[in-house]
Amino acid sequence: MTALGRWLVVACAVLCLGAASDPGERLADPAQEARARALFKEVRCLVCQNESIDASNAELAQDLRAIVRQEVAQGRSDVEVRRFLTDRYGEYVLLKPRFSWANAALWLFPLVVVLAGAGLLIGRWRTPEAESDLTGAETDALARLADDPGTDRGSAS
Amino acid sequence: MIVEVGAFALILSLILSVLQTGASTLARVRRAPVLAAVGEGAAIAAFFTLAVSFATLIYAFVVSDFSVANVATNSHSAKPLLYRVGGAWGSHEGSMLMWCLALTGFGALLAGYGRGLTAGLKAVAVATQGALGIAFLAYTVFASNPFWRLTDPPVEGRSLNPLLQDPALILHPPFLYVGYVGLSVVFSLAIAALVEGRADAAWARWVRPWTLAAWSALTVGITLGAFWAYYELGWGGWWFWDPVENASFMPWLIATALLHSAVVTERRGALPGWTIFLALGGYTFSMLGAFLVRSGVLTSVHAFAVDPTRGVLLLTILGVTAGLGFALFAWRAPAMARGGMFAPISRESALVLNNILLAAATATVLLGTLYPLIREAMAGEAISVGPPYFNLTFTPLMFILLLLLPAGPLLAWKRADAGAALQRLWVAALLAAMAAVATLALAEPRSLFGAAGLALGVWLIIGSATEVAERIRLFRAPRGEVLRRLGGLPRGTWGMTLAHAGLGVFVLGAVFETTWKAETAEVLAIGQRLEVAGYVVALENVAPVQGPNYEAEQATLRAFAPDGTLACMARPERRLYSAGGQTTSEVAICTRGLSHLYVVLGERRSGADGQPVWLVTGYWNPWALLIFLGPGLMALGGVVSLSDRRLRLAVGRRAAQAQPAGPEPAPKPLGEPA
């Protein structure tokens, strides 16, 4: 299949619309239906390119929605529904990766970057000023630049 | 014949780029102005030849020359003219040609307008820009040539995907590519700074306008893409944290960080190394995006023109370019001056904090995008990283950043008084708190996230306005004085205020829409109605419509506002494009103030009594307009800032003044006898 062709299959999956909210699929209890809809957003449509079963109308997405609704209707908790899905389809089915050792890097990395940045910043506050290696003429020119009234950008005056 | 001219011009442009790089490099080594002029001339010529080449491709699409493989695959003679023109950059080959056009275009601008740069800096920058051009032009000529002919031309073309036949999507790629590739100039300037061993205030002044231009274009491009997804995909989603969206978002985040760190380098001479690092990072992420979108390593809703073999070539270009750039950085940057000191509470610290959070946000998006690949490669396990991950990581980082944002511009350089800055923000804080309380009291269903988000939006908008009010001494000085100060505010300040307030507007829209969006789907026969968020939508009739290259079913629905008055007539369509056999949906959007009533016509079914019925979905997207208006304001802020006299005119002269012909600073430029 050509690249464009593949795109089109996806496009169709996106465009066969209104599926998740189709009145024919809905649960009678509004609270349960709302819970099911929230869960749909976390479940990947496995045959689609990158969509949740909430957005897709692929046949598999429809089946998965039916399964999730059924589980919810039987009173299973969100955790139980997720486990049911991962037992059958693997972790790939969850759009929200689990908190596990294998995913530790994924979840902790943002924090590590922030801490590393903060560490560097604090380090910079503590080290004394390096000697300027500009010549006198250059320093004067820079000072002129900085003193230009037109260049005063919002130093709180 | 005309197509052959295009192919020839493309090859000529490649040769000129080689000349550009060669002559400019030699000009730097020998310090020969004549060679520098040759390099600059070649850069300008490379752009004009490529413009000719691009024009011939558009011509081939306009006249539907199906003997050209690219036209036959991506066009159709029945397509409207606009979409035939747009088809020229709708394919892999065409889009790479547009990428090259932008690369050589920026090279020509650098050569033509870079008069104020010192000779050495300019020669190296022009040479680097030429080298970047060579990589992508060679790729286009040898691996992705849009001018290849077919020996056996078909009678009719295969047409452009109908989803892409849309005005926003015709404009989306040009803006995006100007943004992506605009960062190449910054990359070249960074290489030049590393080679020359100089990244001072004058250099940072050069970096800023290019970054601003690229950033503004990227903002518009990304927003157009989001807007297209919003009204074309048919369920009102506008951001999916899809790999392809992330690919365009990461360069934007880096460019945003760079804009802020370049201010520190320009005003205080501090953080030159970090600014150079970001300058290298921007274009690296642009190239990463080009690779991710086209290689098919990641599954995406809108990956296009996927081709794994070409993906390897793009990955090679990415690896070599970024690898050399960062290797040079590792070698040269440690010897560079660190610049002035600043206290923990200062404008510098605020901008560094901005950069830390933006860097962390970029890292999050990058890791989230690539993690499935990493785990697959390391453990052979397939996992998915979707919107819930980004909502849990990216959103808090942004929340902190935006919470701190209004204080930043109120802090003085070097050493500031945090208490005084916060005192000035009391009006903004009060209004934000009132907004939060009002939201909790009035909005149904009650949402803490919604209230916090709304307060944040108000805080940003009023906080940005506070800075202007402070500078013009509003309510504190006589009216004449206030007006004089208002008139004297530099455009850069207006630009910043617009961009920050625009961010606040976006936050208001995004939070409101996400939190209080309503949706109702019903199967309707003619005469039946559905209700969404108090609006009643009645199906009046459904009629066939004949378009230029599609057939459609068009529904006419009457929408009544909650008070019973007629809100609008909605006419959504369901289209069948016969050329490719695809069905698309044209939604109907009624704008009600800042909000949208969004009506979608679904498939036809047969009802209980054999009468046809249609699945109709109505969405209420409150304040959805702000989601697109906010980024529009941000881009406008970029353009206003770009028009600042200081960036437009003064750069050249003052930069030249700032660098008199004195002894070169340490470290010595490359190739210079010690």
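1. The note opens with a detail of chain B: B:Val599 has B:Gly618 in E10(B) as its bridge partner. The two strands concerned are E9 (residues 595-606) and E10 (residues 612-621) of chain B, which pair in the antiparallel sense over 9 bridges. Strands (E, at least two residues) and helices (H or I, at least four residues) are DSSP runs, numbered from the N terminus. Two strands are said to pair if DSSP finds at least two bridges between them.

2. On provenance, this is a predicted model, in which local features need pLDDT of at least 70 and side-chain atom pairs count only at pLDDT 80 or more, whereas totals for chains, interfaces and linings use all residues. Residues are numbered from 1 along each chain as its sequence is written, while chains are lettered from A and ligands numbered from 1 in the order in which they are written.

3. Strands E9 and E10 belong to an open sheet of 4 strands in chain B, with the order E1-E10-E9-E8 and antiparallel pairing. At the edges are strand E1 (518-524) and strand E8 (588-592) of chain B, each of which pairs on one side only.

4. Strand E4 (residues 551-560) and strand E5 (residues 566-570) of chain B pair in the antiparallel sense over 4 bridges. Between E4(B) and E5(B) there are 5 residues, and B:Gly564 in the turn has a positive phi of about 90°. Opposite B:Arg558 stands B:Met569 in E5(B).

5. Chain B as a whole comprises 20 helices and 10 strands. Its C-alpha trace spans about 95 × 75 × 60 Å along the principal axes. The radius of gyration of chain B is 27 Å, which agrees with the value near 26 Å that a compact globule of 674 residues would have. That radius is taken over C-alpha atoms, and the globule rule is 2.2 Å times the number of residues to the power 0.38. Of the contacts in chain B with a separation of 6 or more, 75% are between residues 24 or more positions apart; a contact requires C-beta atoms, placed from the backbone, within 7 Å.

6. Buried residues make up 59% of the 674 residues in chain B. A residue is buried if 20 or more other C-beta atoms lie within 10 Å of its own, exposed if 12 or fewer, and partly exposed in between, with C-beta atoms placed from the backbone. In soluble globular proteins, nonpolar side chains tend to be buried together.

7. The largest nonpolar core has 198 residues, and those with the most contacts inside it include B:Trp99, B:Leu189 and B:Ile276. Helix H8 (residues 201-232) of chain B gives the most to this core, with 20 residues. Another core, of 25 residues, lies apart from it, with B:Leu524 and B:Trp620 among its members. A nonpolar core is a set of buried Ala, Val, Leu, Ile, Met, Phe, Trp, Tyr and Cys residues joined through C-beta atoms within 7 Å.

8. Leaving aside neighbours within four places in sequence, B:Trp99 is in contact with B:Phe136, B:Tyr177, B:Val181 and B:Ala290. B:Gly105 lies in helix H5 (residues 92-113) of chain B and counts as buried because 21 other C-beta atoms lie within 10 Å. The C-alpha atoms of B:Gly105 and B:Val178 are 9.3 Å apart, although 73 residues separate the two along the chain.

9. B:Trp241, in the loop between H8 and helix H9 (243-268) of chain B, has a positive phi near 50° without being a glycine; B:Trp241 counts as buried because it has 20 C-beta neighbours inside 10 Å. B:Ala533, likewise not a glycine, has a positive phi of about 45° and sits in the loop between strand E2 (529-532) and strand E3 (535-546) of chain B. With 17 C-beta neighbours inside 10 Å, B:Ala533 counts as partly exposed. A cis peptide bond, with omega about -10°, joins B:Glu444 and B:Pro445.

10. Chain A has 6 helices and 0 strands. Of its 157 residues, 32% count as buried. The domain assignment, which is automatic or from a database, gives domain 1 (18-93) and domain 2 (99-125) of chain A. Their centres, taken over C-alpha atoms, are separated by 34 Å.

Notes
Two residues are in contact if their C-beta atoms, placed from the backbone, lie within 7 Å.
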